[in-house]
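Good morning, and thank you for making time for this presentation. I would ask you to keep the structure in view while I go through its features in turn.

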Amino acid sequence: MPNPLETWFTEIPPITRIYVSAACCTSIAVQLGFIHPLQLWLNYESIAHDFQWWRLITNFFYFGPLSIDFGFHIFFLARYSRMMEEGFFRNKPADYVWLMVFSASVLLVISIIVPFASLPFMGSALSFTMVYIWARRNPYVRLNFLGLLVFTAPYLPWVLLIFSLCLGGQIPTGDILGVLVGHIYYFFEDVWPRDPVSQGKKWLATPRIV
């Protein structure tokens, strides 16, 4: 008979399950010494000169050593990515893959052109993108945070930013970037097509190849 953890894991939709599993396995592998974070981080010099192209992907899988902060990000990644995949993207896996590919690509571009945004690992930023989009698409959902605060969903990213700041003791740059990219996607997917000027055109429509 499957235990509750196994049941919970198997019920997670496939895209979220793959990403969460990859993130957990990566941090465990680093913790056990099988790989080193320097082999995974977003180093453009190694990518350009040594053709280590895997860094463009692996930097999104490492959320840091096993810690409270790691658990915090994995929990919210699993929770809100799952809710996105089961809700807005139900039976539309290609659209959800495109959301993740687009968000990751924009984060990489921002890390090149904005000096302070050049982070070694972008996993927390990508997960925060999912949180932001879910929150904006559920404006009337009421949430209870740690039994202390009750607020509507659009305030969730800002509550989490403050919590992350208190937990880590420093400005959560990755989470802020996640909010920025999430807003870019939300604007062009949900707001812009409703403007008469756009004529209903969606600039971020999923490419046919996806």
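In which helix is the place of Ser103? Ser103 belongs to helix α6, residues 93-113; helices here are DSSP runs of H or I with at least four residues, strands are runs of E with at least two, and both are numbered from the N terminus. Before I continue, please note that this is a predicted model, in which local features need pLDDT of at least 70 and side-chain atom pairs count only at pLDDT 80 or more, while totals for chains, interfaces and linings use all residues. Residues are numbered from 1 along each chain as its sequence is written, and side-chain values use heavy atoms, with hydrogens and water left out.

Ser103 has a relative accessible area of 0% and is therefore buried. By that I mean under 20% relative accessible area, with exposed being over 50% and partly exposed in between, for a 1.4 Å probe and protein chains only. Leaving aside residues up to four places away in sequence, Ser103 touches Leu126, Thr129 and Val181, where contact means heavy atoms within 4.5 Å. From Ser103 to Arg55 the C-alpha distance is 16 Å, and the two are 48 residues apart in sequence.

I turn now to charged pairs. Side chains of opposite charge can pair when their charged atoms come close. The whole structure holds three salt bridges, each defined as a side-chain nitrogen of Lys or Arg within 4 Å of a carboxyl oxygen of Asp or Glu. One of them joins Glu11 to Arg82, with the closest N and O atoms 3.9 Å apart. This pair links distant parts of the chain, since Glu11 is in helix α1 (residues 4-11) and Arg82 in helix α5 (residues 68-86), 71 residues apart. Glu11 is partly exposed at 46% relative accessible area, whereas Arg82, at 18%, is buried.

Arg82 also meets Glu86 in a salt bridge, at 3.1 Å from N to O. Both residues lie in α5, four residues apart, or about one turn of the helix. Glu86 has a relative accessible area of 29% and so counts as partly exposed.

A further salt bridge is formed by Arg137 and Asp190, whose closest N and O atoms are 2.7 Å apart. Arg137 lies in the loop between α7 (123-136) and β1, and Asp190 in helix α9 (residues 173-191), so the pair ties together parts that are 53 residues apart in sequence. Arg137 and Asp190 are both buried. Through shared partners, salt bridges join Glu11, Arg82 and Glu86 into one network.

Next, the strands. Phe145 has Leu149 as its bridge partner in β2. Three residues separate the strands of this hairpin, and Leu146 in the turn has a positive phi of about 60°.

Finally, Phe34 is found in the loop between α2 (14-31) and α3 (44-50). Phe34 counts as exposed because its relative accessibility is 63%.

Notes
Pairing = 2+ DSSP bridges.
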